[in-house]
Amino acid sequence: MSYKFIQMSDPQLGFYASRHPETEGIDFEIKNLSKAIEITNKISPDFVITTGDLMQDRLASNHVDIIKKMYSDLNCKYYFAPGNADLTNNPEFDDIERYKKRFGLDHQSFYHMNSQFIILNSCVLQDWSKVSGEDSKQIKFLEYQLQNSKKNKSLHKFIFMHHPLFGTNPEEEDGHMVLPKVQRKLILNLLDLYKVSAVFTGHWHANNILNYKNTQLITSGPITFSLGEDPPGIRLIEVDGDKFTHEYIEL
Ligand SMILES: [Fe+2]
């Protein structure tokens, strides 16, 4: 049983101009996202999951229309996870509702070819101070879905969210770049308990790949301006039975 899918991350319309004051607008991201969509359609994956930060300015409603229009050119299904630029660094319930109206569910799960795909809202795991209970809702949702996948004998469980769990060390300190330890520990325990195949994240605008016990933690570079060594790109994941491989494709 083989299939393939694409992870995109951080199209973040307007990010380039925010870091280059001599420019304005979203031309940089439009060019890269168009190329990402063109490459993806040539690969013809089963679906695409984008791990957050769709736009730099969450209040720019015309950017919502542009994102929706461009993604509708994909020849396959596509799913989004919310990022901090979409919801803010300390989201409120209104931010979550606005996101859901624009882009659909902020967390969801689906099965494909005997694998389970779980998309989380990591923004409320990063800061839940204004959305009390939303953090534990995400953890309960994850645990419930993983229990289901065990019952269903899923070959793979893949998790997608915006924020990486950690950069190099599971004990590293809290910060803007990674999920806080209190939430990180809960998720790491579940990864181990349910033998999750991989967690795909973004947010760093750079590639970073490491392992936690039996789980690969894969942070992928952005569609917008890269802050890492690799240029902007997308990630192709190919699953063949109980094995999977992945490669970063530069735009
Ligand atoms: Fe981000």
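**Notebook: sheet, helices, core**

I started with helix α2 (residues 27–43), which lies across β1 (2–8), β2 (47–51), β10 and β11. α2 runs at about 20° to β10. For contact I took C-beta atoms, placed from the backbone, within 7 Å. Axes are lines fitted to C-alpha atoms, for helices over the stretch in contact, and angles run from 0 to 180 degrees between N-to-C directions. Helices (H or I, at least four residues) and strands (E, at least two) are DSSP runs, numbered from the N terminus.

This is a predicted model: local features need pLDDT of at least 70, side-chain atom pairs count only at pLDDT 80 or more, and totals for chains, interfaces and linings use all residues. Residues are numbered from 1 along each chain as its sequence is written.

**Sheet**

Next I traced the strand order. I read β3-β2-β1-β10-β11, an open sheet of five strands with mixed pairing. Strands pair if DSSP finds at least two bridges between them. β3 (77–81) and β11 (243–250) are the edges, each pairing on one side only. Neighbouring strands here are turned by 20° against each other on average, direction ignored.

I then looked at β10 (residues 233–240). Eight bridges join β10 to β11, and the two run antiparallel. Gly 233 has Glu 250 as its bridge partner in β11.

**Helix α5**

I checked burial along α5 (residues 93–103). Asp 95, Ile 96 and Tyr 99 are buried (20 or more other C-beta atoms within 10 Å of the residue's own; exposed means 12 or fewer, partly exposed in between; C-beta atoms are placed from the backbone). They sit on the same side of α5, because their arc around the axis is only 100°. The arc is that of the directions from the helix axis to the C-beta atoms. I found α4 (84–87) among what covers them. Phe 93, Asp 94, Glu 97 and Lys 101 are exposed on the other side of α5. Just after α5, Gly 104 takes a positive phi of about 100°.

**Core**

I looked up the largest nonpolar core: 52 residues. Such a core is a set of buried Ala, Val, Leu, Ile, Met, Phe, Trp, Tyr and Cys residues joined through C-beta atoms within 7 Å. Those with the most contacts inside it include Ile 119, Phe 160 and Val 199. I followed Val 199: leaving out residues up to four places away in sequence, it touches Ile 159, Leu 165, Leu 191, Thr 215, Leu 217 and Ile 218.

**Whole chain**

I noted eight helices and 11 strands in the protein chain. Of its 251 residues, 45% count as buried.

Definitions and conventions
Contact = placed C-beta atoms within 7 Å.
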